[in-house]
Amino acid sequence: MSVVNDTKFNSAVFLLSGIPGQEDVHLWISIPFCIMYIISIIGNSVIMFIIKTDPSFHEPMYIFLSMLAVTDLGLSISTMPTTLGIFLFNSREISLNACFAQLFFIHLFECIESSVLLLMAFDRFIAIREPLRYASILTLPRIGKMGLVCVVRGVAVMLPLPFLLQQFRYCRSNVLSHCYCINQDVIKMACSDIRVNSFYGLSVALLTEGLDSLLIFLSYVMILKTVLSITSHAECLRALNTCVSHLCAVLLFYTPMIGLSVIHRFGEGSSPLLQILLGYISLLVPPLMNPVVYSVKSKHLRARIIRVFVK
């Protein structure tokens with residue numbers, strides 16, 4: 001495979017990777033991946049449909065859940081073509097422009113999901129701290145503006161990434177570590193000075209996912225402080241129970257993402273298989289598990305989903 005240089009920039013390609021050493025069984029490995037994508041797409045689509053069409057779900061908590069479902073759907077669709085292309089058809093080549101477009105959408109939806117999880121933490125805080133003012137604080141127009149800010153912030157901070165990457169020469173190995181493109185992986189292929197891109201990427205990560213996770217943590221500190229002030233033990237447990245689904249979503253999203261980011265930036269001698277597994281977990285598991293977690297915890301939502309399929 002020819003290396004990438006200035007004269008061949010637009011015609012050059014990267015090679016995506018599946019699971020190294022398991023190429024002979026990629027077709028079998030594709031089966032669980034197909035199942036995960038099908039469940040993710042159907043699960044999030046059903047949640048979006050129910051919340052949109054059923055007026056009883058037009059409440060702040062469910063509207064934020066529909067935002068999360070839209071984001072998870074976008075994240076699944078962003079990675080699905082190249083992931084299934086590798087495992088089903090051994091299609092590893094991806095052009096630079098397609099790679100840059102894919103990494104933009106992957107990082108965009110990750111940023112938006114982080115923002116939505118922060119909004120959901122704020123929703124839980126208001127519901128527990130100010131239950132009587134909950135509906136007046138989180139009105140539908142205000143929630144719509146919050147969602148718009150999440151999208152605008154994501155586009156504003158992620159849009160420079162593909163343009164920065166287009167300025168580089170790529171003369172090193174063109175084999176990427178994952179079956180999709182992400183900034184941390186692509187930047188390693190460049191033989192130009194990447195300090196600006198590295199600084200920008202790190203700054204974006206700290207000011208988006210890093211800041212959001214800190215604010216989520218502080219929200220739960222205040223939630224816990226409020227809950228512990230409740231005299232009734234039963235009311236205390238009931239208030240904490242309303243946060244379980246969101247806490248699960250936060251852990252599913254941030255834990256593998258932080259681990260993968262640390263390995264990419266500082267784990268020079270880490271196992272390649274660990275990077276690959278964390279990469280799959282960080283992008284495939286949250287869209288798969290979020291609909292399951294919220295359906296299990298919400299009796300109202302679970303009953304409505306059952307009616308959709310049983311009808």
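View 1. Leu211, Leu214, Leu215, Phe217, Leu218, Val221 and Met222 together make a nonpolar surface patch with about 590 Å² of accessible area. To join such a patch, a residue needs over 30% relative accessible area and no salt bridge; nonpolar side chains (Val, Leu, Ile, Met, Phe, Trp, Tyr) are joined within 5 Å, and like charges within 9 Å. The areas come from the Shrake-Rupley method with a 1.4 Å probe, and for residues only the protein chains shown count as cover. One member, leucine 215, sits in helix α8 (residues 195-228). Helices (H or I, at least four residues) and strands (E, at least two) are DSSP runs, numbered from the N terminus. Leucine 215 counts as partly exposed because its relative accessibility is 34%; buried means under 20% relative accessible area, exposed over 50%, and partly exposed in between (1.4 Å probe, protein chains only).

A word on reading these views: this is a predicted model, in which local features need pLDDT of at least 70 and side-chain atom pairs count only at pLDDT 80 or more, while totals for chains, interfaces and linings use all residues. Residues are numbered from 1 along each chain as its sequence is written, and side-chain values use heavy atoms, with hydrogens and water left out.

**View 2. Asparagine 90 has a positive phi.** Look for asparagine 90 in the loop between α2 (60-89) and β2 (93-95). Its phi is about 55°, although asparagine 90 is not a glycine. With a relative accessible area of 53%, asparagine 90 is exposed.

**View 3. Helix α1 has the length its residue count predicts.** How far apart are the end C-alpha atoms of helix α1 (residues 26-53)? They are 40 Å apart, which agrees with the 40 Å that 28 residues should span at 1.5 Å a residue. The expected span of a helix is 1.5 Å times one less than its number of residues. Several α1 residues are buried, among them His26, Phe33, Tyr37, Gly43 and Ile51. The cover over the buried residues of α1 includes α2, α11 (272-297) and α12 (299-310), where contact means heavy atoms within 4.5 Å.

View 4. A disulfide is a covalent bond between the sulfur atoms of two cysteines. In the link between cysteine 99 and cysteine 181, the two sulfur atoms are 2.1 Å apart. This pair links distant parts of the chain, 82 residues apart: cysteine 99 is in helix α3 (residues 96-129), and cysteine 181 is in the loop between α6 (160-165) and α7 (183-186). An angle of -120° about the S-S bond makes the link left-handed. Both cysteine 99 and cysteine 181 are buried. Cysteine 34, by contrast, is in no disulfide, and its nearest cysteine sulfur, that of cysteine 179, is 12 Å away.

**View 5. Arginine 124 lies buried in helix α3.** Arginine 124 belongs to helix α3 and is buried, with a relative accessible area of 8%. Which residues does arginine 124 contact, leaving aside its neighbours within four places in sequence? They are Met61, Tyr134, Tyr220, Ile223, Thr242 and Cys243. Arginine 124 and tyrosine 220 are 96 residues apart in sequence, yet their C-alpha atoms are 8.8 Å apart in space.

**View 6. Salt bridges connect charged side chains.** A salt bridge is a side-chain nitrogen of Lys or Arg within 4 Å of a carboxyl oxygen of Asp or Glu, and a search of the whole structure finds four. One of them pairs arginine 304 with aspartate 54, with their closest N and O atoms 3.0 Å apart. These partners lie 250 residues apart, arginine 304 in helix α12 and aspartate 54 in the loop between α1 and α2. Both arginine 304 and aspartate 54 are buried. Another salt bridge joins aspartate 212 and arginine 153, at 2.6 Å from N to O. Aspartate 212 lies in helix α8 and arginine 153 in helix α5 (residues 140-158), so this pair ties together parts that are 59 residues apart in sequence. Aspartate 212 is buried at 2% relative accessible area, whereas arginine 153 is partly exposed at 22%.

How values were computed: A disulfide is a pair of cysteine sulfur atoms within 2.5 Å.
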